[in-house]
Amino acid sequence: MGDVLVRQAGPADADAIYEIEKLCFPDPWSRESVRFELEENPRAFYVVAEHTGKVVGYAGLWWIEDEGHITNVAVAPGFRHRHIGEGIIRVLLDFTLREGIRHHTLEVRRSNEAAIGLYTKFGFQVEGVRKGYYRHGGEDALIMWRHEE
């Protein structure tokens, strides 16, 4: 991952994030939703991964008191299996921990073994299930939490 830079996202990254959304998720957020997150949502914090100036991955989080609710993590096809997702999560967690977030949570498809393995590597554990959470396919979501004492 040495040729990849992970940095805080800004409004200029909205189109690139939206394009990755469309490539990675069967029910992607709209361009307007992404724009709102980056420009207007005071609780949102996003990071992007850049390779040679091109955004190839991102993660978002909603900041609620001492909790961080991770909304999406995605790496564009063609850039997977290069530890970019790991770098994105590491930067997101390191920054938010320094800023006072002590508990992080996310939902992940029960079938997404790669993502579950990645989150487990960072200390996330399954603490619940949301039945039929995903509109596309009706798959259950595992609710994972990471607690920093």
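Tutor: Welcome! This is a predicted model, where local features need pLDDT of at least 70, side-chain atom pairs count only at pLDDT 80 or more, and totals for chains, interfaces and linings use all residues. Residues are numbered from 1 along each chain as its sequence is written, and side-chain values use heavy atoms, with hydrogens and water left out.

Student: How many helices and strands are there in the protein?

Tutor: There are four helices and seven strands, in the sequence order β-α-α-β-β-β-α-β-α-β-β. A helix here is a DSSP run of H or I with at least four residues, and a strand is a run of E with at least two, numbered from the N terminus.

Student: Why is E65 called exposed?

Tutor: Exposed means over 50% relative accessible area, buried means under 20%, and partly exposed lies in between (1.4 Å probe, protein chains only). E65 has 68%, so E65 is exposed. This residue sits in the loop between β3 (54–64) and β4, and its phi is near 55°, a positive value in a residue other than glycine.

Student: And what makes H83 count as exposed?

Tutor: Its relative accessibility is 55%, so H83 counts as exposed too. H83 belongs to the loop between β4 and α3, with phi near 70°, again positive in a residue other than glycine.

Student: How do you know that the radius of gyration agrees with a compact globule?

Tutor: The radius is taken over C-alpha atoms, and the globule rule is 2.2 Å times the number of residues to the power 0.38. For 149 residues that gives a value near 15 Å, and the protein has 15 Å, so the two agree. Along its principal axes, the C-alpha trace spans about 40 × 35 × 30 Å.

Student: What makes a space in the protein a pocket?

Tutor: On a 1 Å grid over the protein atoms alone, a pocket is an open set of points where a 1.4 Å probe fits, with protein on both sides within 12 Å along at least five of seven lines; lining residues have an atom within 4 Å of a point. The largest pocket has 39 lining residues, with F25, V73, N112, A115 and Y119 nearest its centre.

Student: Which element gives the most to that lining?

Tutor: That is β4, with seven residues in the lining of the largest pocket.
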